[in-house]
Each structure stands twice: as C-alpha cells, then as structure tokens.
Amino acid sequence: MAQRIDAKDLNIYYGSFLAVSDVTMSIDPQSVTALIGPSGCGKSTFLRSLNRMHEVIPGARVEGTVAMDGVDLYGADVDPVAVRRQVGMVFQRPNPFPTMSIAENVLAGVRLNNKRISKGDAQDLVEQSLRHANLWNEVKDRLAKPGSGLSGGQQQRLCIARAIAVKPQVLLMDEPCSALDPISTLAIEDLIAQLKSEYTIVIVTHNMQQAARVSDRTGFFNLAGVGQPGRLVEIDATSTIFSSPTQQATEDYISGRFG
Ligand SMILES: Nc1ncnc2c1ncn2[C@@H]1O[C@H](COP(=O)(O)OP(=O)(O)OP(=O)(O)O)[C@@H](O)[C@H]1O
Ligand SMILES: [Mg+2]
C-alpha cells in the first residue's frame, strides 16, 4: 500500500556544499506530487534523499528526517537497501540493461534483491509488471529480445515496469519524459494517473503543463543565486500553485518571468 512521506528540516549536502536547505514537506499517499523549479535548485538532490540514493555519492549526507508512515528512513537501524526497495526510482533517460532481454530487464531489480523466484512466478511477474506499465501488448511477442530494441518511450515504460516489479510503495520519477516525444510523454502521463491509485508518486518535471496535468500537489523549489542552497518556496494544491500562488517567486516562475 502507498505510504505517506514526511520530510522534516532536511538539509542535504555534497561534502561541505549545502545543496538543499531546510525542506519540510508532506507527501500524501496515493497522490502525485510534482516538483518544479529552475535548474540547480536541488530537485533531483531532494528526490534522491527520499530513498537514500543521495548518500551513495562520496561525501554526500543528509540532516533531518524523512518519515514513511512515521518511521524515519534515516533511523539508525534502517537498512538503506530495504528503503530503496520500498521507494523505487525512474530516471530521466531510460536506462534498460542493453544486453538483457525485455523480460530479464523487468526482473532485474527483483534478482538484485536476491529473491528466489520460480520460473512460473517470474513469468507472471513479468506479465503483471508490463501490464501495469502499459507495455504488455507492445512487447508480449518479443519478451526474449533485448530491451535496447524498444523505442525511447517503450524503454521508459520498461524501466517503470522494472521499478514496480519489486513492489515498491513509493515511486520517484526524475524528469521521466524529458527524453520522450509527445505521444510517449502522454503514454507515461496516463500511466502515472493509473499508478497513483496504488503508489505514492513524486515527479520532477520542467514541463509546467505536465505538472498541471498529472499532479495533485506541486512544490516549487528555488535558489537565491549560484552557490546558494535550494529551498522549497511553497507547496500547495496544483490548481492553487498555477492560479494563485502565495509567493511572488512562484508566480514569476510559472508565468515564465523567471530570469
Ligand atoms: N554529485 C554532486 N556533487 C556535487 N554537487 C552536486 C552533485 N550533484 C548535484 N550537485 C549540485 O547540487 C545542486 C543541486 O543540483 P540538482 O541536480 O539537485 O538540481 P536540479 O534542481 O535537479 O537541476 P536540474 O533541473 O538541472 O536537473 C547544484 O548546485 C548541483 O551542482
Ligand atoms: Mg535534476
């Protein structure tokens, strides 16, 4: 089941560089939260702090708490690998394993987790995940062919199938459509709308129309200048952010007056 996320007083560092400062944000389960803001304001950094991917970079660290249904993901006895299983991630560029078949790509995350799985269960999981990702009909006759033989939009849906095959509760998507054509983009947006009945989804996007189309809530990040940390300026219902934000900086950004 989808989970509620509460980030509190988050400071996110690369070595001594404070990249994101003082973020407090609640993310509702079974909803889509969009994060927008100018390049370099820390959207990806914040996103990676939600599944403990940030700290894999040498010197990178996080202060503050990220609670999932009340349990701090940064607690002393929490296994980061378990967190990453619970909180899946999809990246900007579709990154299927090029030499693996479509079916093996779907199973890659499951295999990584060392889960023993019978051949029949594996086949079922492949079908179920690909159906969920809206890709089954397009690939069911070529499951043994390489994942790299798919179109960009299909590859991205394959990556989403791979992410959901491990049955996460939360899906983080970092600009998942930026490498895609408009038709594939709409396919992914439709998919996001379907997935939100089961998952908590956080999506970073530079596309305002996309944020407006897919999300329930939108958070605007900004930074005061180069070398300054990014901050969450405001977060609210998407309709409010795009019609009557409370902060001038948000208004300027969404209306394209950002300089
Ligand atoms: N691996 C890293 N090491 C050091 N600094 C980094 C690293 N990754 C990002 N940063 C810095 O952290 C800040 C936030 O970067 P981040 O990638 O989170 O921004 P973003 O909002 O996702 O930008 P974009 O919209 O361009 O993707 C930037 O100043 C960036 O240079
Ligand atoms: Mg980014």
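Tutor: For sorting residues by class, Ala, Val, Leu, Ile, Met, Phe, Trp, Tyr, Cys and Pro count as nonpolar, Asp, Glu, Lys and Arg as charged, and the others, Gly among them, as polar. This is a predicted model, where local features need pLDDT of at least 70, side-chain atom pairs count only at pLDDT 80 or more, and totals for chains, interfaces and linings use all residues. Residues are numbered from 1 along each chain as its sequence is written, chains are lettered from A and ligands numbered from 1 in the order written, and side-chain values use heavy atoms, without hydrogens or water.

Student: What classes of residue make up the lining of the largest pocket?

Tutor: A pocket is an open set of points on a 1 Å grid over the protein atoms alone, with protein on both sides within 12 Å along at least five of seven lines; lining residues have an atom within 4 Å of a point. Here the lining has 13 nonpolar, 5 polar and 5 charged residues. Of the 23 lining residues, R84, M89, G109, L112 and R162 lie nearest the centre of the largest pocket.

Student: Which element supplies the largest share of that lining?

Tutor: Helices (H or I, at least four residues) and strands (E, at least two) are DSSP runs, numbered from the N terminus. The largest share, 5 residues, comes from α3. At least two lining residues come from each of α2 (80–86), β6 (87–90), α3 (102–112) and α6 (152–165).

Student: Is α6 largely enclosed or exposed?

Tutor: Buried means under 20% relative accessible area, exposed over 50%, and partly exposed in between (1.4 Å probe, protein chains only). In α6, 13 of the 14 residues are buried, so the helix is largely enclosed by the rest of the structure. K167, which follows α6, has a positive phi near 55 degrees.

Student: How many bridges join β1 and β4?

Tutor: Two strands pair if DSSP finds at least two bridges between them. β1 (residues 5–14) and β4 (residues 60–68) have 8, in the antiparallel sense; Y14 stands opposite A60 in β4. β4 is also joined to β5 (residues 71–72), antiparallel, by 2 bridges, and M68 has V71 in β5 as its bridge partner. The β4–β5 hairpin has 2 residues between its strands, and D69 in the turn has a positive phi of about 45 degrees.

Student: Where does S215 lie?

Tutor: S215 sits in the loop between α8 (208–214) and β9 (217–223). S215 is buried, with a relative accessible area of 8%. A polar contact is a pair of N or O atoms within 3.5 Å; within protein, one must be able to donate a hydrogen and the other to accept it, and residues adjacent in sequence count only if both atoms are side-chain atoms. The S215 side chain makes such contacts with the side chains of T218 (3.2 Å) and T238 (2.7 Å).

Note on methods. On a 1 Å grid over the protein atoms alone, a cavity is a set of points where a 1.4 Å probe fits but cannot get out, and a pocket is an open set with protein on both sides within 12 Å along at least five of seven lines; lining residues have an atom within 4 Å of a point.
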